[in-house]
Amino acid sequence: MTLPTGRNLLRGHSRRSKRSRRSRRARLAAAMLVTCAASAGLLLSSPGPASAGSNLLVNPGFESVRGDGEPACWEKSGWGDNDFSYALTGAAEAHSGGRALSVTLTRRLSGDRKALMLEDTSCAPNVSPSHQYDLSLWYKSTTPDASVTVFRHDVKDGWQYWTDLKTLPVSAGYARAEVRTPVVPPGTDQITWGVSVYGTGTVTTDDYAMEDATQPAPGDACTAGDACTKGSWAVMPFRNPVRSMHSVVLRNGKVLLVAGSGNDPELFKAGTFTSAVYDPKTGAMKTVPTPVDMFCAGHVQLSDGRVLIMSGNKAYPAADGSHGYEGFKDSYLFDPATESYVKTNDMNDGHWYPSATILGNGDVISFGGLREDSTGSVTAEKFSQAQQKWLPVNEVNQTWSYWGLYPSMILMQDGRLFYSGSHVFGNGTPGTGASVYDYGTNKITDVPGLQDKDHRDQSASVLLPPAQDQRVLTMGGGNVNTNPEANRYTDIIDLKQPNPAYTPGPLLPQGEVDQGRGRKPETGGQGKMYVSAVLLPDGKVLETGGGLHDRADPVYEASLFNPAAGTFQPGLATDPIPRTYHSSAFLLPDGRVMAVGDNPGNGTFDDHVSVYTPPYLYKGARPQITSVATDQWSYASTQRITVDRPVVKAELIRPAAVTHSSDPNQRFVDLPMSVGSDGKTIDLNVTSNPDLAPPGWYMLFTVDAAGVPSVASWVHLGGPQAMAAEASPSASPMVHGFAGGMPHSAEKKPEPKRTSAKVDTRIAGCDRHYGAENVCVPTVFPKAVAPTTAARCEWLGKHGYKGLRVNGKDDPLRLDPDGNGRVCG
């Protein structure tokens, strides 16, 4: 059989990555993650199909045949190194009528084979943006490695992969599979879909159907005035009891706020290190004994819900510049059940400001930060989920690269890591400033297109909703060393492309900035650094907070980014509290956003707590999740829930673990739905790929047609608990071969083995000749400040610097013209 050649290039988007070539059994045994497709949801009786409508498909049962003997309006496609065959069967193998179509793989090293609707204007079903469609087919299968895959036609960019909707369990006889599409994105006029087979075996399909299942939006009118479109902020009547630098939403809905010394050298000298646990349900705030200075540590939630906290602050910088900040090797686990810390084994190196990314097998990988001697760490670290410890350095692949401080390392769907270019302090990494790192091959490949890569200090990067789309948005940033005005740049990269590259996104909206003389509108290219970005359950991204300069000049602005439209909704209500350095914003299980912290250069800390209520909570009653069959979920499974009224989508959102504008593990994973005839019984189809949704506890939200979310239910994905329910062959991860065409010329040359990277002790942008350790007199003042003693002193006065003294005899910024040791007279 001759396959169409042009379309096969596109269909290659559904191939699996090269690292999938190892045997499926070895992969599953090593990861201990991929579990039964016949989980609790499927063991229940079928919810029953939604009420029948008009079938939008041409030749849904293969009854019409072209002159070449192939079914009209269908194509046979695929990619990769595999042996395969297709067969148009007779009536004996059909579900109804006289024909069915089977796809068989007898050998597979990579790729897949598909039966899909033809990409032709007369064959591909027409769709309307913002609508949803129920897709169904009858099938029988001897392999668990099959899924329903959808492509869409963009009126501007042509045909492209859209998403995988459902894993098909093994079935000896005909079974009906039904799943609802996500909301059709703007600019889409047609879709095609069918079955992808990516493991050895045979899948036979028949009687496809597609019906419009669009839910009308509720008719409730919003009566909350501006809050209907802008949302609202409320400053809580209590204060944060700790100078929190880190915020983690725990698996029980409480919030861990970690201060350590809180950037207060007096507390550091006294050995007074603190954390607090906040309960949003009761408003209770409990302080927690904290064993070491976790100020500027790294943190990530493990698959069991405990929080792994790595490194922290061993020493503040010396006034004479002999050393900078120092990171220690200690590591701890915070247990939400006991609300206490337990020590793990040490890391191999110190890491002040390290990255922390959970992988698809539950391991954690970490890069960057400062060592115990203030130099840059080039040692990659790996925490083993199976062994519950940091591995020896010789058991971890090493590139000896210095990734900087808090490098944003986002897990891709094939297990590689995307370094987005967001970081803390100074310039970006050499080269383009963004890279893909393949841990398996130990290769780094630069990714082009990031705008002004040396001014993305304390920008924010997020994997846009849904994670299946594999797009990353990077917003704002500056540079604490050169201290320009922060920028408005945003950049978007589609990691599904063969050779992905950043492209410019819309400019950040502007708000008001306070440069010491009250709020005034931003002008020109003024943007912000210290950006907070929060994924919301309606699929949008809230960006809020920020400042115009290094630890100064707060910006009051908030907007919503719509990933589907690629646009910002500006003019939201703004947090009345400044949120610059050491601030955090994060999603609560009730759909609101909490914001804490502000630590400007004068050493003060704002302990007000703010909560944002998004516009969607003013649109009427919320849907409710009335039952969840089980809170232990396995990959490639179907999980049943019930709701009190119809909803249009459901998703898993990983709870926050955020600091310094950075939470690389933040992700929103779509759960395609199969909806019963009552509209309230829903089977949720869970991805088979742990790299899309690493194991752990997630917030499960449902959202109605008006965009109003439910309160979250907590579910646990993957891990031993889910494996205990396994009762039949499990599906392999459906991993695509995206980003497989990056040129070899973009590969970075490997670094020679080395101990560390040289780092300036002034990397934090602070001139330590003045004041105390937690006071940050800029090494470089903003450009608008004339390089004179009078102008600099005026700026310091307006920004709350008081009682500064000169440390030692040197006065490089000429702030003590009288020579009396006092700054500015």
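**Disulfides**

I looked up the S-S torsion of C222 and C228 first: it is about -90°, so the disulfide is left-handed. A disulfide here is a pair of cysteine sulfur atoms within 2.5 Å, and the sulfurs of C222 and C228 are 1.8 Å apart. The model is predicted: local features need pLDDT of at least 70, side-chain atom pairs count only at pLDDT 80 or more, and totals for chains, interfaces and linings use all residues. Residues are numbered from 1 along each chain as its sequence is written, and side-chain values use heavy atoms, with hydrogens and water left out.

I then checked exposure, where buried means under 20% relative accessible area, exposed over 50%, and partly exposed in between (1.4 Å probe, protein chains only). C222 is partly exposed at 28%, whereas C228 is buried at 17%.

I found four disulfides in the structure. Counting bonded cysteines along the chain, the pattern is 1-2, 3-4, 5-6, 7-8.

C766 and C776 form one of them, with sulfur atoms 2.2 Å apart. The torsion about this S-S bond is -95°, left-handed. Both C766 and C776 lie in the loop between β56 (756-757) and α7 (789-798), so the link ties together parts that are ten residues apart in sequence. Helices (H or I, at least four residues) and strands (E, at least two) are DSSP runs, numbered from the N terminus. C766 is buried at 2%, and C776 is buried at 2%.

C793 is joined to C824, S to S 2.0 Å. This link is left-handed, with -90° about the S-S bond. C793 sits in helix α7 and C824 in the segment after α7, so the pair ties together parts that are 31 residues apart in sequence. C793 is buried at 18%; C824 is partly exposed at 33%.

C296 is buried at 0%.

β16 pairs with β17 (residues 307-310) in the antiparallel sense over four bridges; pairing needs at least two DSSP bridges between the strands. V300 stands opposite L308 in β17. Five residues lie between the two strands, and G305 takes a positive phi near 95°.

**Cores**

A nonpolar core is a set of buried Ala, Val, Leu, Ile, Met, Phe, Trp, Tyr and Cys residues joined through side-chain atoms within 4.5 Å. The largest one has 51 residues, and M475, L536 and F586 are among those touching the most other members. Strand β44 (residues 593-596) gives the largest share of this core, four residues. I also noted a second, separate core of 36 residues, including I410, Y502, L700 and M742.

V609 is in strand β45 (residues 608-613) and is buried at 0%. Beyond four places in sequence, V609 is in contact (heavy atoms within 4.5 Å) with residues including A234, V235, M594 and V596.

S710 is in the loop between β54 (696-703) and β55 (713-717). S710 is buried at 0%. Not counting residues up to four places away in sequence, S710 touches R622, P623, Q624, I625, L700, F701 and T702.
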